[in-house]
Amino acid sequence: MLQVWPGSPYPLGATYGGTGTNFAIFSEIAEKVELCLFDDDDAETRVELKEVDAFVYHGFLPSIGPGQRYGYRVHGPHDPARGLRCNPHKLLLDPYAKAVDGEIDWDQSVFGYNFGDPDSMNTADSASRMMKSVVISPFFDWDNDRPPRTPYNETVIYEAHVRGLTIAHPGLPAEYRGTYAGVAHPIMIDHYHRLGVTAVELMPVHQFVQDEHLVSRGLRNYWGYNSLAFLAPHNAYAAATRAGQQVQEFKLMVKNLHDAGIEVILDVVYNHTAEGNHMGPMLCFRGIDNTAYYRLIEDDPRYYMDYTGTGNSMRVRHPHVLQLIMDSLRYWVTEMHVDGFRFDLAATLAREFYEVDRLSSFFDLVQQDPVVSQVKLIAEPWDLGAGGYQVGNFPPLWTEWNGKYRDTVRDFWRGQDHGIAEFASRLTGSSDLYESDGRRPSASINFITAHDGFTLNDLVSYNSKHNEINGEDNWDGSDDNRSWNCGAEGPTDDPDVLALRAAQVRNFLTTLFLSQGVPMLVAGDEMGRTQHGNNNGYCQDNEISWLDWSLAERNASLVEFTALVSALRREHAVFRRRRFFQGDAIRGSGGTSGHGSDGGEPLKDGEPLKDGEPLKDIVWLLPDGTEMSDADWEFGLARSLGMFLNGHGIPDRNHRGENVVDQSFLLFFNAHFEPLGFRVPPENFGTSWEIVIDTRVPTAVVTAAAGTRESAAPDARATSRIVKANDPIEVDARSALVLRCAD
């Protein structure tokens, strides 16, 4: 006979304290709650939790320790017309489970109703088909682990999938491939360092569910945006098979990455769960307290509000749902030591009622939380509901995936006639979106591609999506790709098309890394990964989505280019300013300046400018080397742009309070289909300039602060790197040039 002591209503979940485990679960509508314990043979023992405080059922079992598998059965009203769906025949996952064992074996029993009658109660027992919650040991030797705390303006994010990143890596031990351990293997850390990566952003690692409709078609939910347990690392990414061991492996991954100076950011999905709509399974929240956890249609609560396209939306305004989300976030920071979060469809979290509310309860809680407010917070600032596109509208503490950056940069390089004003704004940190509420350029997470959509290679290789293999008749995935195949759809042997595609990839990478804001690179884009035109690989857990590491050798020059343009950003503060450009004149000349309009004390004046005019912190240039006027910005067909970045006009100070001074740079962008002649500006900008990037030349003239590396077969233009003030210079069709002041 199991001993059951009263225990405590806090903390929620299963908490092992060394002598036993406390169990606590919230349900406002429950009439009785049973804790169900499972032995190694899956035999079930039920224990009623008779202690109830503030709708929390709890009990302490002194004989229960780590590794114990468990679940709950909730007795209560079943009236779908009123949104009440209790069904004690269904084993339910603990919403606070810190580890989960097994996965769902799809069967009628895991549904709360009988097929054909959604309002009926299915009485088949689901325990043998259900995953189980697991009691874990909270003890781990972190050995003085410290978060890197990389400033936003020095951050380079690498978006990756735990399994897909390493599952096909031949250099890793077989048991590490596709696992947490593989993400932090020394071979992978060397690759991150080579690319200048400071943060790995992992696609969902909360325990998620394989969708029944995919499993029935022989597919898998690869991406993982189908969460069910918000405190549990996904068990399939662990090398060990022992229940609960995934927690230790995840912690070791974080520790090893921190030792290498690399942060861990998690892509989290709090906007919906894996239970879907009224036709979905009963796995957890639905059976515990459906009306508390989900947004229901007010005048017909048998149905669910769906702002996410997945069937349901969490009822974030409910205090216990808010508590669950905040407890989950704090747990991942304090116990798992992660460094930040990217919130999937974050606009859904801001819906207090119907409209997106910037001052919603969730954001208020985050703002005042002493733990969560101190880590990186990244919003995917849209959902599928009305008014869901909220780029630029999140609170000052937050950064955002800048969808306007992605669209504008794609349009510019494919030659769309939208003018250059918006392209210039995106290059300089999107002040139109973020400056008015006190945010800085780092509020913009800049990206060209993401997991959702074309890879960078496919962006320049396909005009249309090719998702037939997903089995949805190519209806799935976005049709707004803003891609250009450079003259041939898909694979080709045409050398001119291949050369143009390679140049376009380098154009995108150069733009990404040298824009103000925080660059996000998608794993594999640095080596030319392709999904063969599939822009929605969510269900492709195979070679279509996995990284093919042989590409790193075949496309070594692209990996090298990515590493060097990243190094250029890392070594030059002018590309990662903490504050927006002001377009103000900077006192002095050559190597001297003040602080623009930010109010800092001016640096010591140097020699006077030859034309008597001080340089601004940024100058936009016409092809003839003169400064652009207001009228020039209105020319809608312009496809070229020159930009001067004044290294002596940076209004920042380093950690010692010293002025930040850098070399100055010229950047020329030509998205036209023909070469364009530019002129180097006059001597007051600089007397001598060195070409450090020419995107039409594969790494031949790419230089970084640490030195110069040349390709085995350099282009002829590589022999003439130095140009003088007022010199003419040709920028090839669809290419970019970056010049560094050599004075």
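Which residues of α10 are buried? Gly403, Tyr405, Asp407, Thr408, Val409, Arg410, Asp411, Phe412 and Trp413 are buried in α10, where buried means under 20% relative accessible area (1.4 Å probe, protein chains only).

## Basis

This is a predicted model, in which local features need pLDDT of at least 70, side-chain atom pairs count only at pLDDT 80 or more, and totals for chains, interfaces and linings use all residues. Residues are numbered from 1 along each chain as its sequence is written, and side-chain values use heavy atoms, with hydrogens and water left out.

## Helix α10

Helix α10 spans residues 403–413 and is mostly covered, with nine of its 11 residues buried. Helices are DSSP runs of H or I with at least four residues, strands are runs of E with at least two, and both are numbered from the N terminus.

At the start of α10, the backbone nitrogen of Lys404 has a side-chain oxygen of Asn402 within 3.1 Å. Just after the helix, Gly415 has a positive phi of about 85°.

## Barrel

Eight strands form a closed barrel in the order β12-β13-β16-β17-β18-β19-β20-β21, with parallel pairing. Two strands pair if DSSP finds at least two bridges between them. Strands β16 (residues 263–268) and β17 (residues 340–343) run parallel and are joined by four bridges; Asp267 has Arg342 in β17 as its bridge partner.

## Ile445

Strand β20 (residues 444–446) contains Ile445. Ile445 counts as buried because its relative accessibility is 0%. Not counting residues up to four places away in sequence, Ile445 touches Ile157, Ile378, Thr399, Glu400, Trp401, Asn402, Val518 and Met520, a contact being heavy atoms within 4.5 Å.

Notes. Buried < 20%, exposed > 50% of the residue type's maximum accessible area, 1.4 Å probe, protein only. Polar contact = N/O pair within 3.5 Å; in protein donor to acceptor, adjacent residues only side chain to side chain.
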